[in-house]
Amino acid sequence: MIEQLRPGVSAHQARVCLFDFDGTISLIRSGWMDVMVPMMLEILLDLRTGESEAELRAVVEDFIWRLTGKQTMYQMMAFAGEISKRGGAPRDPLAYKQLDLDRLHARIHDRLQELRRREVSPDKYLVPGARALIEALRDRGLRLYLASGTDQPYMREEADLLNVSSYFEGRIYGALDDYRSFSKKILIERLIAASEFEGREFLGFGDGYVEIENIKEVGGVAVGVATAEPECREVDEWKRRRLAGVGADFIIPNFLCRDELLTALFPNAE
């Protein structure tokens with residue numbers, strides 16, 4: 001279940017662990033691309049540029065993927081840019097973000113409601129094995145951070161509903177209205193600048209381009225969570241290729257391989 005892309009790489013020096021949220025830990029927003037992509041395609045097709053739906057889909061999926069893990073605002077800015085390239089007059093990216101959020105919230109409303117009413121176990125909407133892996137890393141003494149491109153109020157509520165907030169002891173960060181003021185990259189840079197950690201002491205888990213790239217840029221170890229949602233039992237080959245391409249050291253489909261993964265990350269550990 002574990003693919004080690006760089007033999008010999010380990011996280012034996014790790015002291016801090018950065019987790020992405022959506023698609024890495026949480027499945028509440030599973031299917032978000034099936035909301036965002038059609039919304040963008042509708043608008044681009046209305047421009048009648050002569051491009052086929054398949055051609056436009058490839059354009060949209062490419063920039064969405066490259067920006068996954070950053071604040072949603074960046075995807076909307078890129079989308080507005082694609083409209084401009086085709087001679088259209090884009091709206092403010094915030095308007096597209098709100099349109100996407102409205103459609104997404106309609107899709108996930110029932111999931112949130114059954115969690116709020118405690119009608120289901122929080123683990124129903126966790127990537128399989130995530131809780132046990134997080135607890136194991138906490139018990140090893142790693143300082144845990146949770147960071148997401150989802151708006152901070154939403155992701156903090158969702159972390160509470162999934163009963164994972166306590167593991168991070170307040171170190172939970174999401175997108176802010178001032179989208180330039182925070183990112184996963186900024187968080188990592190701040191921790192290094194404060195002399196709390198060195199780059200090689202970072203371990204990261206994520207299903208998107210951005211968090212893997214950010215961890216590798218500073219010399220840390222990155223685990224690509226290439227899970228095929230929503231069942232999360234197999235590797236999604238589309239995700240795998242992209243995570244491998246940006247430098248992931250390991251690829252996993254979920255966290256059920258916890259013992260094997262911990263052995264690979266921390267060889268010769270007592």
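A cavity, on a 1 Å grid over the protein atoms alone, is a set of points where a 1.4 Å probe fits but cannot get out. Grid points are joined across faces, edges and corners, and a volume is the space filled by probe spheres set on the points. What I am showing is a predicted model, where local features need pLDDT of at least 70, side-chain atom pairs count only at pLDDT 80 or more, and totals for chains, interfaces and linings use all residues. Residues are numbered from 1 along each chain as its sequence is written, and side-chain values use heavy atoms, with hydrogens and water left out.

The cavity, then. Helices (H or I, at least four residues) and strands (E, at least two) are DSSP runs, numbered from the N terminus. Helix 3 (72-85), helix 4 (93-116) and strand 3 (143-151) each supply at least two lining residues, and strand 3 has the largest share, with four. What is the lining made of, by nonpolar, polar and charged residues? It divides into four nonpolar, seven polar and seven charged. For that count, Ala, Val, Leu, Ile, Met, Phe, Trp, Tyr, Cys and Pro are nonpolar, Asp, Glu, Lys and Arg are charged, and the others, Gly among them, are polar.

Next, the pockets. A pocket is an open set with protein on both sides within 12 Å along at least five of seven lines. The largest pocket has a volume of about 420 Å³. Its lining has 21 residues, with G31, M33, D34, D236 and K239 nearest the centre. Helix 1 (33-45), helix 2 (53-67), helix 4 and helix 10 each give two or more residues to this lining; helix 1 has the largest share, four. Eight of the lining residues are nonpolar, four polar and nine charged.

Now helix 11, residues 258-265. Which of its residues are buried? Buried means under 20% relative accessible area, exposed over 50%, and partly exposed in between (1.4 Å probe, protein chains only). L261, L262, A264 and L265 are the buried ones. They cover an arc of only 160° around the axis, which puts them on the same side of helix 11; the arc is that of the directions from the helix axis to the C-beta atoms. D259 and T263, on the other side, are exposed.

On to aromatics. Rings of Phe, Tyr and Trp (its six-membered ring) pair if their centres lie within 6.5 Å; planes under 30 degrees apart count as stacked, over 60 as edge-to-face and the rest as tilted. That rule gives seven aromatic pairs. One of them is F79 with Y96, edge-to-face, at 5.0 Å centre to centre and 75° between the planes. F79 lies in helix 3 and Y96 in helix 4, so the pair ties together parts 17 residues apart in sequence. Both F79 and Y96 are buried.

Last, the backbone. Most residues other than glycine have a negative phi, and most peptide bonds are trans. C232 has a positive phi, near 60°, and sits in the loop between strand 6 and helix 10. At 0% relative accessibility, C232 is buried. P230 is found in that loop too, joined to E229 by a cis peptide bond with omega about 0°.

Terms used: On a 1 Å grid over the protein atoms alone, a cavity is a set of points where a 1.4 Å probe fits but cannot get out, and a pocket is an open set with protein on both sides within 12 Å along at least five of seven lines; lining residues have an atom within 4 Å of a point.
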